Every structure is written in structure tokens, then in C-alpha cells.
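The paragraphs below lead through one protein model, region by region. Keep the sequence and the coordinates open while reading.

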Amino acid sequence: MTQNAASDHAGFAARIGGVADRLRPQRNKMDAEPAIEELLRHYPEGDAELVRRAYAYAAEAHEGQRRVSGGPYIEHPAAVALLLAQLGMDPATIAAAMLHDVPEDTSRTSDDIRREFGDEIARLVEGVTKLSQFSGKSSDEHQAENIRKMFLAMADDLRVVVIKLADRLHNMRTLGAMPIDKQHRIAKQTMEIYAPLAHRLGIWQIKWELEDLSFKYTEPDRYRELAELLASRRGVRERYIDRTMKMLEAELKKAGVKAELSGRPKHLWSIAEKMKRKHIGVDQVYDLLAVRVIVADVPTCYAVLGVAHNLWPPIPGQFDDYIAVPKNNMYQSLHTAVMGPDGQPIEIQVRTHDMHTLAEYGIAAHWRYKEGGKGDANYESKLAWVRQLMEWQHDVADATEFVESLKVDVFQDQVFVFTPKGEVKDLPSGATPIDFAYRIHTDIGHRTIGAKVNGRIVPLDHKLQSGDIVEIVTSKAARGPSRDWLTMVRTPGAREKIRQWFKKQHREENVAHGRELMDRELKRIAQRPLSDISEADLQRVTEILNMHDIDTLFASLGYGALTAAQVVTRLGIVDDHQLAIPEVAPPQPPPTARGGVRVKGVAELLVRFGVCCSPVPGDPVSGYITRGRGVTVHRADCTNVRGSAEAERIVEVEWEGTVARTYPVAIRVDGWDRVGFIRDVAAVISENGVQMVSLSSNVTDKTATVNATLQVTSVEQLSRVLAKLESVRDVFTVSRDGR
């Protein structure tokens, strides 16, 4: 049962008319014909010869190359091309899929492809091709640059990202051949970036499989347990859905409604997340069992709803009208949950044929309609979020910040709110009235002085909920946004417009504010004031960050284009590549291991880290020879080293290029005492993936002090966590403890 549980689940989906195997894997197919066969189903006059030429060119270029699984490399691009053909993509996209790895993995270049296949296909291939490897960038930064490049290409031609999604899906299907650490890293990135992207584009067939495969590799035990549970009850569910469909179909015929009915299984990740989110068992997931009804037009959708509710009682609070208010990924359907036969909860989805095609293929459905001049009149409006994304991303200098903004601002759940005139605006979950104001117009945002939600005055950091009616109170006398708004807003557009406003204000004010931020961050992280930093070090960081001069560096900090943490981690400590953060921190070695530090001019010498100052990668360090115990590494400003009378025992040490351990760091958080204060501090530490070794607290005169020891991998990670802790309600100081 264990080995076959997941496949049984997929098989059940196929038998009851689901789409679990619609994008079917093709085995032992190493030519262009499967893709061409699918292409001609959607484009009877499609250029099959173009696809054959692209396959032959790629096969020759990849000759002799093999995948990690051992198969010929050409299997991969051929499989990606087939996936795209099944989605109904056009001949140029399928040809580009055949060629997408040629410039990156062979001696052929993009110019060679342009000469052979023209500008259109060459641009698609260039958009999918990763950035070439370059020195001075960590793995995380490099991945972030690749993702940003993909989004830039996506804004120019959306087919780029559809190719990339198909590429990622085939790689996930064959991920079992990779080492365990790579499986986890690739699956984690897929869950964070590619599955949400497929969802945002409405390509459900790719989205659900990416999520399930990521789930399989990131949480294998939980995945296996749920798959076994569902497989054990497969026969019962199959018979129940078949019975339910027959009953509903009979009632629809009596009402004169023509409809197509099919079963709709819920995929594993979606079930697991709903169980976790609502703290319920699998039997309480109302849409675990579902029937899909497809009809000719919108009025008939509502007629079906009436028939279903007359047949079985609806479950209160379980009705959603995505036809009247579509989801932000273009999805439209009616969803209702009823107490079906024998009192068993079951979901019913009702939609038209066009809605069904869009639900299955999302934005990829656009190319199904392009042949013969049939265009999608709403195509541009459906991609408004992509245009907005490109508007603000040019102002984000750091690619890693861009990717983090994607996760928070673009791919998270949405809320739908209304203007006083009834216009619907979609915003990310957690958005505030300030986000709403800037979504209406930049000038409205700048002149905001208050807000009303559902007729009641609310603070500007109020979290909006779906269905809220939001009214912005403005004043011509308003002096512009507050710097505090940068910590309140959730949308990248609002954040960038606020930053731009401050950028245009008095340069002296921004420089002064930047100096204050820098001084505070240095004291918090390095326990040194800004006055201790030499002008030469500041000038060097200025050049690294491509700033004109030191004042420009501080001004950029002042209006929010840079963070103080980004500057501190580059301040004459180590090179960027020495600050690389592993995706998963390795186990902590014994205290006497040589992990991460080497003594200049000496090999294989025992090294331990001073508990008095707890140095981490990124700190300037010195070594102190301890009799019989090797070298103890201290921060360079540690009083135990600076106060030593035996200068001959001090030796030079340096951080190694690849740090393979975590380091204990003591921190202190001060704030106003309240119920849940310690819990909120601990939650932020946990949410940022940092292990907490110890935690203690005390309260004096209504002030709570939390002392904690964290295991971090670098100064950069420490800075990021401390910045997050500062945003916890009622916290007023956060600092690194111990000298």
C-alpha cells in the first residue's frame, strides 16, 4: 500500500473524470512526434516541420550528454515540449522548448539559434536560459537573479514563463534521481516560487502537480501518510461520487438542464494544508469529495445551483461566487458545499465550458484562441499584475529583495475590497488602507490622513478583509507620507511610491536619517558606533553598491532604497561570497572542530569559538593561542583579546570561503510587558528559520526583557532576524548581547 498510495490517488482521479493525468508523462519517447501529435490537435495547420527541425538541432547539440538519471539529455527538452503541446501552446513555443537548454549546456549560442530559427524563437530561448555563472555571488543571490531575469522576460513575452513552468514540472517529475539535499532545495523553491506562479497564471494542471511533488520531497512522511489514507478509502469515495452524480444528473434532466458531470478529486497538498490550517481531520474536509458540472452559459450555472440546493441542504458559509467576483488568476466558477446522500459533505462546482478551459489552462488558454486571428479581448487586463510588478521591480536594486517581495506581495492570498462607488480592488492578504490609497492613485496615497472601513474610522495599519468598503480621507495640506508607512504597507507598488517621495525630498534630511539608521544597525549587530568606521571602508562599500559617493549611500538608506543590514554586511568584513547562506544549515559540529575558520599559515590546528563574544561569519576576528587547546577565535573588538598582555599569543585568523556550521549568538529584546509578548518574539525567530538554543525573560516596572541564544549562519542572517524582531508589537529595542 505504501508504494502505490500516491499512484492510486492519481488513478482514482483519472477514473472519475479528473485532470490528474491530463498532462501525462510519456515514457520511452525520444523524438518530436508525440509533441507534434498534440500540436496538430490544437493547431491543425501548425508548423510541424519547425518542431521537427528544432528537435533535430537540439538532439545534435546535446549528443553524448546524459541526465543524472542516466537517460539521454534530449529526453528532457522533448518532454517539456510535449507538456506545452498538451497545454495548447503555439508551434514557436514548442520549438523553443526543444531548444531551451542548448545555449546553456552546449557549445551552440543564442546567435546560432537566431540564425537557424529566427528572432522570435531566439528571444524565447534567451528568456528561459539561466544567467551565466559569475563570481562574487552566493547560491541564493544567483537564484534570485535568475528569477528576476525570468520575470523581466515574462513581461516582454509571457510564453517564457509558461516554458519555464513546464521545464520545472518535468524536472520535479524526475527529481528522485538527484541527491537528497538537492531534492529538498529544488522542491522548496518550487513550492515558494513556481507553484504560486502557476496559480497566479491560472494554470491549474501544472500548479497542482508542482505542489504535490514539492510536498512529496519536502515532507515525505506526511505525504506518504496522507496518500495511504486516501488510497485506503478510494473505492468507497469512487462509489459515493458515482452515486451522487447520477442523482444530480437525473434532477438536472427533470429541470431541462443540459450538463456534463465529472468527479473532481482534491490534490494531496491542498488537503494537507486545509487540515493543518483548520486543525481538522480528513473526514472534515468538505471539498475532499466534489462533483464538477459544466454547462453552456452563466444563467444555467445559477439554475444548476438552485437544483442542487433543492436536492440537498447547503452547508452554511460554504458558498463562493467566483463568477460574479473572479479570483485574481482569472478563475470563475460557483462553489457550494452540501450535505449529500447519507449526510456526507460534498462540494459542487458549476462553470461554463469557457470557464472550465480557463480554469484548466489559465493564461495558456490565450494561445488556444489566437490561431486564425481569434484574440482574447481581456488578455491585457488579465496580466495587469505583471505590468505592475515590472513597474516597481526596476527600483529594487537587490535581486534577493525582489524575490522576497514576490513571495509576500504577489503570491500570497488576496483580499477583495470595494471603493465607495462599488469598484473591486484586489490586494495581498494583510494589506492596509495605505496600500488601497496608492492602488487608487499615487497622489491619493501621498495626501492620505485617515481611512474609514465600512463607515468606521480605522488606523492606517488596519488589516483589510475581503468585502470591506474602504474610503480614504485626504487633505491638500498633507505634507506627504510618513516614514513609518514603509513598515505598514504590503504592496510593492505602495512601498516604491513612498520611497520615491522621500528620494525627492531634501537630500540633507535623507542623509541624516541614513546615518542614524546605519549607526543603530552597527551598534545592534557589531556593537560599534558609526564613528568607528573609517571613511575608506565606507567608500569601498559605496563602490560595491554602485553609489556615487558616501552621502548618496546614506541618502539611499534614508529614503529606503537600501537597508542598513545590506551595508553592514559589506563593511570591510569579508567579501560577498564569504557571506553566503546555505539553504539548509548543516548540523552543528563539536566546539573544537575547524569548521569555518582557518589560522593563517597553519594547517590542521584545533579551533574553538569564544563564548565571551560569540563570533559569527562576517565579524572581524582574532585568534588567541590557548595552551593545550589550540586557538580560540574571538571578535576583534572583544575585551578579552584587546586587554591581553601577551600579544605574542594573538594570531591572525580568517573565515573560510564556505562556512559549514552555525554559530551561537546571544540577543536581547526589550519591550512593554503584555500577554503573549514572549510568544510573539519566539514565533518571529522560528518563522525565520533560526534555531533557538535558549530563552529566558524577566519583567521590571512593566518592561519585559527577553534574552535568547540563537544558532545563526552569518551576520546577514542575524541582521535579518533582529530587523524582524523590531517589528513585533511593543518591542522598542533589539540588540546583540555580549562583547
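The model is predicted. Its largest nonpolar core has 62 residues. Within this core, Leu 84, Met 98, Leu 99, Ile 113, Ile 121 and Leu 165 touch the most other members. For Leu 165, neighbours within four places in sequence can be set aside; the contacts are then Tyr 194, Leu 197, Ala 198, Leu 201, Ile 203, Ile 206 and Leu 210. Another core, of 52 residues, lies apart from the largest one, and its members include Ile 533, Leu 562, Val 597 and Val 669.

Asp 90 is in the loop that lies between α4 (75-87) and α5 (91-99). Its relative accessibility is 11%, and buried means under 20%, so Asp 90 counts as buried. The side chain of Asp 90 makes a polar contact of 2.5 Å with the side chain of Thr 93.

The sheet comes next. Three strands make up an open sheet, with the order β9-β8-β10 and antiparallel pairing. The edges are taken by β9 (456-458) and β10 (470-474); each has a single partner strand, so one side of each has no neighbour in the sheet. On average, and with direction ignored, neighbouring strands of this sheet are turned by 35° against each other. Strands of a sheet pair through backbone hydrogen bonds, in either a parallel or an antiparallel way. Here β8 (residues 448-453) and β9 run antiparallel and are joined by three bridges. Across from Lys 452 stands Ile 457 in β9. Helix α22 (residues 433-440) lies across β8, β9 and β10, and runs at about 80° to β10.

The last stop is helix α28. Is this helix, residues 550-558, largely enclosed or left open by the rest of the structure? Eight of its nine residues are buried, so α28 is largely enclosed. The buried residues are Ile 550, Thr 552, Leu 553, Phe 554, Ala 555, Ser 556, Leu 557 and Gly 558. These buried residues pack against three helices, namely α26 (507-525), α27 (535-544) and α29 (564-568). After α28 comes Gly 560, which has a positive phi, near 95°.

Notes
Residues are numbered from 1 along each chain as its sequence is written. This is a predicted model: local features need pLDDT of at least 70, side-chain atom pairs count only at pLDDT 80 or more; totals for chains, interfaces and linings use all residues. Side-chain values use heavy atoms; hydrogens and water are left out. A nonpolar core is a set of buried Ala, Val, Leu, Ile, Met, Phe, Trp, Tyr and Cys residues joined through side-chain atoms within 4.5 Å. Buried means under 20% relative accessible area, exposed over 50%, partly exposed in between (1.4 Å probe, protein chains only). Contact means heavy atoms within 4.5 Å. Two strands pair if DSSP finds at least two bridges between them. Helices (H or I, at least four residues) and strands (E, at least two) are DSSP runs, numbered from the N terminus. Axes are lines fitted to C-alpha atoms, for helices over the stretch in contact, and angles run from 0 to 180 degrees between N-to-C directions. A polar contact is a pair of N or O atoms within 3.5 Å; within protein, one must be able to donate a hydrogen and the other to accept it, and residues adjacent in sequence count only if both atoms are side-chain atoms.
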